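Hello,

Here is the structure I promised to pass on. Please open it first, then read my notes below.

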Amino acid sequence: MKIYICADFSQDGIELLKVAGHEVVTGGWGFTSEILDEEKLIADIGDADVLVVGYEKVTRKVLENTSLKIISSIRGGPRANIDVDYATSIGIPVFFTFGREALPVADFTMGQILAVTRKIARADRELRGGLFTAPDGDYGSEGDVIWDMSPQGPWQSRKGIELEGKTIGLIGFGTVGQQVADRSKGFGMRVITYDPYQDEEVIKEHHAQRVKLPELLKSSHIISIHAKVTEKNMGMLGKEEFDMMRDGVFFINNARAGIVKEEVLRENLRKGKLGGLALDVFHNEPIKENDEYFDYDNVILTPHIAGTGRDVIYLQSVMIVNDLLLYMAGGKPKPIVNPEVFDN
């Protein structure tokens, strides 16, 4: 088959496809950093049988003007840029790389938790801004304790909490939530989760406890979001839910902003309900340079980079190659958005 790849893809993955006897053509965002429009994408796909896509929009027009037989997306949510319904109607299976970013997102989450609970990011900003530093030419003492030990000094004023013995509540217990649970247990934390769709065996396997949402909100010292946005959970965390949370709770979200009602989150930050807030996702992206979040010392903000681990490209490439070769050999890969195409 002829395979057109416009997603970021490893050279090893390309070679595996070639060794299997397939022709591989590359272009688009994954290789030029340019997201192709409809016309350019159609031209680039040409007579290819397979499309491996990242962020180009695969519209009905694209599908009508190409002869694709298979689409494979590197994204966990392919519907964001692929007309899956039309692809289904013409018998094209749409595969995706389920869980490809679980490890880097879980690592990132633990980094957020440590940075906000121990005030690491804040202390770094303050030192860079000249706070707690010695005047030029004065290098302080050479004794064991060289920083200001007054109530205003860093030792007294920047104390954080220890994670040992604390309760972390995970809203969503998919591949990312499970990895966060494993890491949290390593810190000696109690892990509870709210996920009405996850099997009990999976939750127990990762040494977590299933609870109802109100119990999670009331019990957790740290709350971290790891669920996809759906019509059912859009805005599920509003005023009533935040009122249940303990004062000083640390709130982490690098999943999707839409799960939380924005103004409620902001209001609880303003009134001091939150001990700290770490966000990698926002209701409107990119975030504005004058957003009020920047005014708070207990807030850590990052530009939607939780899943950008360097090993992700290799992992997603291997996943895609395995699924494509399995399907071409007559098998049925499990990570498919539209399994109903197999029935037709």
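Helices here are DSSP runs (H or I) of at least four residues, numbered from the N terminus. Please keep in mind that this is a predicted model.

On that numbering, Trp-147 sits in the loop between helix H7 (120–128) and helix H8 (154–157).

Next, the strands. E4 (residues 70–73) is covered on both faces. Ile-70 and Ser-72 are buried on one side, Ile-71 and Ser-73 on the other. In a regular strand, side chains alternate between the two faces of the sheet.

E4 has two parallel partners to look at. Four bridges pair it with strand E3 (residues 50–53), where Leu-51 stands opposite Ile-71. Three bridges join E4 to strand E5 (residues 94–96), and there Ile-71 faces Val-94. From E4 the chain crosses through helix H5 (residues 84–89) to E5, a right-handed β-α-β crossover.

Last, Leu-217, in helix H11 (residues 213–219). Leu-217 counts as buried because its relative accessibility is 0%. What does Leu-217 touch, leaving aside neighbours within four places in sequence? The contacts are Ile-223, Leu-237, Glu-241, Met-244, Met-245 and Arg-246. Val-249 is 32 residues from Leu-217 in sequence, with 9.3 Å between their C-alpha atoms.

Best wishes

How values were computed:
Residues are numbered from 1 along each chain as its sequence is written. This is a predicted model: local features need pLDDT of at least 70, side-chain atom pairs count only at pLDDT 80 or more; totals for chains, interfaces and linings use all residues. Side-chain values use heavy atoms; hydrogens and water are left out. Buried means under 20% relative accessible area, exposed over 50%, partly exposed in between (1.4 Å probe, protein chains only). Two strands pair if DSSP finds at least two bridges between them. A crossover is right-handed if, with the strands pointing away from the viewer, the path from the first strand over the helix to the second runs clockwise. Contact means heavy atoms within 4.5 Å.
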